[in-house]
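Here's a quick tour of a protein model, going from the overall picture down to the packing inside. Have a look at the fold before reading on.

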Amino acid sequence: MVLLLSVIAVYAGGIGNAKEFIAFAKAVNSGADISEWTDDKGVVCLECDIDMKKASKFPTIVAFKGTFDGKGYTLKNWKANNALFQELKEGGVICNLRIDESCVMKLSSNSGEFIRAFIVNVNSGTLRNCENYGSIKHRADALEGYIFLGGLCGINRYILIDCKNGGNIESEVVVATANKRSGVCIGGLAGSSRKNLKAASYIRCENSGNIRYKGDTPYNFVGGVSGQSVKASMKWCINRGNVDATTLKGAMNGYIYMGGVTGHSNADIICCDNLGNVDARGVYQTRMAGVVGMPNAKMNITGCDNYGKVTSATEGMTL
């Protein structure tokens, strides 16, 4: 019996409160031993719901390549200004984690590339069975680069599977910029997929949050599941939230690509449906649709349906 209790004690690791979560993050960032928070398989686990009210200055984990299992538990009352993880490395896994609707992210940016989400800013691994219900509200008054905003990840380079977003995401970018390499990518689960790894994909993902953009940046990609999926395929995904964009007169002419599922894609979209409304207003040329606003001629769109209203009141040409 004594031996059994000793074995249990050795593998009784896990994160049980906000203080332990902060200690774990600091240990990862400093390269210290994290075994006290892992189970016998080396998996970092939550052991209960975590109240993040006293963790507003949570130190974002710069890079993680292990497995983090939320075990279905929830982070609550978090006033975040950055993601839990800056980057999930190749081979890394974050699973079974839930962000509660009591969590909020109020952001402002005024410089170069800006990437934000609740769980991970740049995902090069796998997010599985993760859900976000926290809201994101962003504003920028200066910009030299791109802004990437998503409920779960800012940029998805590999796989999101069985993930959901129910949080509203809003961005207002009024900068009167003449920089042709600036814009916004905003989506329910991910802002964009960029520099994708082979077989990058969104599988059985769902968005029910409302996605809103207002601004004057030259290039903009707005979608229910992902603002811009690029070469990441999308399979059995669904959008239930409304996708709304208003473009303003800026220093140069601009474009907006928006869709119920994704604004732009070069990869196959299979059995994906949109139930939300897609609405564009303003001055920019607009490419919009119920499923994908700007598809590539060589991609396949198969078994997809749109049930939402698609409306445009823009001064620029709409397709």
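What percentage of the 319 residues of the protein count as buried? The answer is 55%. Keep in mind that this is a predicted model. Confidence averages a pLDDT of 92, and 94% of the residues score at least 70. The stretch to treat with care is residues 1–11, where pLDDT stays under 50 and the model has two contacts beyond four places in sequence.

On to the overall build. DSSP gives two helices and 39 strands. The radius of gyration is 20 Å, which agrees with the value near 20 Å for a compact globule because the rule is applied to 319 residues. Here are some whole-protein values:

| Property | Value |
|---|---|
| C-alpha box along the principal axes | roughly 75 × 40 × 30 Å |

As for who touches whom, take the contacts with a separation of 6 or more: 81% of them come from residues 24 or more positions apart.

Now the inside. The largest nonpolar core has 75 residues, and Phe24, Phe68 and Leu84 have the most contacts inside it. Helix α2 (residues 18–30) supplies the largest share of this core, seven residues. Apart from this core lies another one of seven residues, among them Val122, Phe148, Ile155 and Cys185.

Leaving out residues up to four places away in sequence, Leu84 touches a set of residues including Phe21, Met52, Phe58, Trp78, Leu97 and Phe118. Thr60 is also one of its partners.

Methods: Residues are numbered from 1 along each chain as its sequence is written. This is a predicted model: local features need pLDDT of at least 70, side-chain atom pairs count only at pLDDT 80 or more; totals for chains, interfaces and linings use all residues. Side-chain values use heavy atoms; hydrogens and water are left out. pLDDT is the predictor's confidence in each residue, from 0 to 100. Contact means heavy atoms within 4.5 Å. A nonpolar core is a set of buried Ala, Val, Leu, Ile, Met, Phe, Trp, Tyr and Cys residues joined through side-chain atoms within 4.5 Å. Buried means under 20% relative accessible area, exposed over 50%, partly exposed in between (1.4 Å probe, protein chains only). Helices (H or I, at least four residues) and strands (E, at least two) are DSSP runs, numbered from the N terminus. The radius of gyration is taken over C-alpha atoms; the globule rule is 2.2 Å times the number of residues to the power 0.38.
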